Every structure is written in structure tokens, then in C-alpha cells.
Amino acid sequence: MTTTQTAWKPHLTDLTLLTGRLLLSLLFVHEGLELATHFAGAAKAMTALGVSLPLLMATIALQLGAGVSIGLGLLTRLGAVALGLFCLATAALFHTNFANQNELLHFEKDLAIAGGMFVLAIAGAGAISLDRVLNGLVKRRQQDRETVAALIAAGKPLSVGDIKLPL
């Protein structure tokens, strides 16, 4: 390890973000899998609520795609915003009968999950994520481009040692 490199150690914040991501992700991946594996019943129930078949399919795709995205920490902010908006829409469209205590509870739960998703969108995935890995690769490639451009501008021939290939 050179003097410019530092060892990466997970911190409590990163472990907490990972735990939160996994818990939030589990909810949506589980629900998406339930809808997908019991598609006929889900389609019938959703049709009764006025939800079309294409919208049900989009819901399943969103829950699975964004749920896995958040769990892996890949495009986390985008997945969190999408699921946060989804929770707000679900609360506003399906859980507005506040005279029914169960509906009120689901409304409040959806708002709380949306809030958690928006906090995750601001905080990001943390260090234990694929987002961090990809950001590191992008930075390394940019540094390599700058090195090549500087060597070309200086008129120096390139050698294998000038470029660091990703492992």
C-alpha cells in the first residue's frame, strides 16, 4: 500500500445504512415476488381496485427492480426515490378510509416507508455498496484518461506502466 492509499474500514454509519437498505429492500422484494408468484389472484384483486394489468406488471417490476437495487446498493438513490413516490401514491390511492383503523395504519405505514426512502435517497447507499465500487471504477478510468491526455500533450510515448488496468 502506498502513502496515497488508505485502508477502507466499514464504519457504524455504513453498517447502519446497509442494514436499513436490506430491511427496506426485503419489504419490496418479498411483495414483488408474492405478486408475481400469485399473479392470477393479484390481477383479480387489483382489477377490483381499478388497477389495470399493465399497471400491475409495472408495480411488480418496480418492487423487484428497485428493491434489489436498494439491497445491493446499486443506483440506490434512484431506487429509493422511485419507491418513496410509489409509497406516497399507494397511501393516497388505496388507504384513505381513515374511519377504518386498519386503513389508517396502512396509510401511516406507507408514509413512514416513503420518509425512510427519501432519507436513503439523500444519504446514499454508504460505503458497503455496489455504488461505491462503481464510483471507484469511474474515478480510476477518469484518472487514466487524464494521464493519457497529459502524456500525449507532452509528446511522451506511452508505456504499460502508465496505465493501471482494473483488477
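Let's start at Thr76: apart from its neighbours within four places in sequence, Thr76 is in contact with Arg21, Ser69, Ile70, Leu120, Ala125 and Asp131, where contact means heavy atoms within 4.5 Å. This is a predicted model, in which local features need pLDDT of at least 70 and side-chain atom pairs count only at pLDDT 80 or more, while totals for chains, interfaces and linings use all residues. Residues are numbered from 1 along each chain as its sequence is written, and side-chain values use heavy atoms, with hydrogens and water left out.

Thr76 sits in helix H4 and is buried, with a relative accessible area of 1%. Buried here means under 20% relative accessible area, exposed means over 50%, and partly exposed is in between, using a 1.4 Å probe and protein chains only. One of the residues that Thr76 touches is also a polar partner: its side chain makes a polar contact with the side chain of Asp131 at 3.0 Å. Such a contact is a pair of N or O atoms within 3.5 Å; within protein, one must be able to donate a hydrogen and the other to accept it, and residues adjacent in sequence count only if both atoms are side-chain atoms.

Now look at Leu75, which is found in the loop between helix H3 (53-72) and helix H4 (76-94). Leu75 is not a glycine, yet its phi is positive, at about 55°. Why is that worth a second look? Because most residues other than glycine have a negative phi. Leu75 is also exposed, with 55% relative accessibility, whereas Thr76 is buried.

With those helices named, here is the whole chain. The protein chain has six helices and zero strands, so its elements run α-α-α-α-α-α from the N terminus on, with helices (H or I, at least four residues) and strands (E, at least two) taken as DSSP runs and numbered from the N terminus. Of the 167 residues in the protein chain, 28% are buried. Among contacts with a separation of 6 or more, 65% join residues 24 or more positions apart. The chain exposes about 11,000 Å², and carbon and sulfur atoms supply 70% of that area; accessible areas come from the Shrake-Rupley method with a 1.4 Å probe, and for residues only the protein chains shown count as cover.

Next, follow the chain to Ser129, in the loop between helix H5 (101-123) and H6. Ser129 is buried, at 7% relative accessibility. Its side chain reaches the backbone oxygen of Gly126 at 2.9 Å. Not counting residues up to four places away in sequence, Ser129 touches Arg21, Leu72 and Gly73. Arg21 is also among the contacts of Thr76.

Leu130 lies in helix H6 and is partly exposed, at 35% relative accessibility. Leu130 belongs to a nonpolar patch on the surface together with Val68, Leu72, Val133, Leu134 and Leu137, and the patch has about 450 Å² of accessible area. Patches are made of residues with over 30% relative accessible area and no salt bridge; like charges are joined within 9 Å, and nonpolar side chains (Val, Leu, Ile, Met, Phe, Trp, Tyr) within 5 Å. Which helix gives the most to this patch? H6 does, with four residues, while H3 and helix H6 (130-154) each supply at least two.

Back in helix H4 you will find Gly84, buried with a relative accessible area of 0%. Leaving aside neighbours within four places in sequence, Gly84 is in contact with Ala114, Met117 and Phe118. The C-alpha atoms of Gly84 and Asp110 are separated by 8.7 Å, although these residues are 26 apart along the chain.

A search of the whole structure finds one salt bridge, meaning a side-chain nitrogen of Lys or Arg within 4 Å of a carboxyl oxygen of Asp or Glu. Lys109 forms it with Asp110, and the closest N and O atoms are 3.2 Å apart. Asp110 is buried, with a relative accessible area of 5%, whereas Lys109 is partly exposed at 37%.

Finally, the rings. The count comes to one aromatic pair. Phe98 and Phe107 form this pair, which is edge-to-face, at 4.8 Å centre to centre and 65° between the planes. Rings of Phe, Tyr and Trp (its six-membered ring) pair if their centres lie within 6.5 Å, and planes under 30 degrees apart count as stacked, over 60 as edge-to-face and the rest as tilted. Phe98 is partly exposed, at 41% relative accessibility.
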